Amino acid sequence: MSTHESLLRRSFEVARQARRNGDHPFGAVLADAAGNILLEQANGFSASGGDMTAHAERVLASEASRRWRPDFLASCTLYSSAEPCAMCAGAIYWAGIGRLVYGQSEKSLKAMTGAHDENPTLDLPCRAVFAAGQRRVEAIGPLLEEEAADLQRDFWSKRL
């Protein structure tokens with residue numbers, strides 16, 4: 001198994017933990033250039049009192065930005081159970097994180113959730129957000145998409 005698959009599956013486990021804690025099943029992991037895990041973050045919607053901006057990737061990028069300089073973060077990879085929305089992609093960009101690896105695509109997630117009030121998905125690929133910036137953020141994904149989609153399928157079918 002590749003490092004990307006292994007660390008992406010760790011983000012899936014973080015998403016499962018979020019669900020077990022009563023939150024939306026999204027998870028993110030930040031790893032350094034050697035593949036060492038630096039941070040893990042579950043979706044924080046419920047834990048934050050309903051903050052719609054408490055997506056796992058945004059919260060992780062904000063914490064990473066507080067802890068490390070952009071020149072260090074440029075060599076890091078954020079692993080996300082689902083493709084980051086435009087807000088989260090912007091946070092990844094502004095933090096200076098150099099690479100993203102994600103599981104489920106935004107298009108697949110949107111097809112699953114529809115226009116659900118708790119996940120009014122922005123249909124804008126993260127690559128479009130990154131392409132508008134002045135520094136490069138490499139995006140790899142979708143990867144292990146069916147496995148990633150399984151995290152969401154049952155959760156949203158019970159909420160629709």
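Which strand holds Gln 104? Gln 104 lies in strand β4, residues 99-104. Helices (H or I, at least four residues) and strands (E, at least two) are DSSP runs, numbered from the N terminus. This is a predicted model, where local features need pLDDT of at least 70, side-chain atom pairs count only at pLDDT 80 or more, and totals for chains, interfaces and linings use all residues. Residues are numbered from 1 along each chain as its sequence is written, and side-chain values use heavy atoms, with hydrogens and water left out.

Stay with Gln 104. Its relative accessible area is 0%, so Gln 104 is buried. Buried means under 20% relative accessible area, exposed over 50%, and partly exposed in between (1.4 Å probe, protein chains only). The side chain of Gln 104 makes a polar contact of 3.0 Å with the side chain of Ser 108. A polar contact is a pair of N or O atoms within 3.5 Å; within protein, one must be able to donate a hydrogen and the other to accept it, and residues adjacent in sequence count only if both atoms are side-chain atoms. Beyond its neighbours within four places in sequence, Gln 104 is in contact with several residues, including Ser 81, Leu 109, Met 112, Glu 145 and Gln 152. Contact means heavy atoms within 4.5 Å.

Now go to helix α1, residues 3-20, where His 4 sits. His 4 is partly exposed, because its relative accessible area is 24%. The side chains of His 4 and Tyr 79 are joined by a polar contact of 2.8 Å. Not counting residues up to four places away in sequence, His 4 touches Tyr 79, Arg 99, Val 101, Ile 140 and Leu 143.

Helix α4 comes next. This helix spans residues 86-95 and is mostly covered, with 8 of its 10 residues buried. Among them are Cys 88, Ile 92 and Tyr 93. The buried residues of α4 pack against α2 (56-67), α3 (70-73), β3 (77-82), β4 and α6 (126-131). Gly 96 follows α4 and has a positive phi, near 95°.

Finally, look at the backbone around Pro 142. Most residues other than glycine have a negative phi, and most peptide bonds are trans. The peptide bond from Gly 141 to Pro 142 is cis, with omega near 0°. Pro 142 lies in the loop between β5 (138-140) and α7 (145-157). Leu 144 lies in the loop between β5 and α7. Leu 144 is not a glycine, yet has a positive phi of about 55°.
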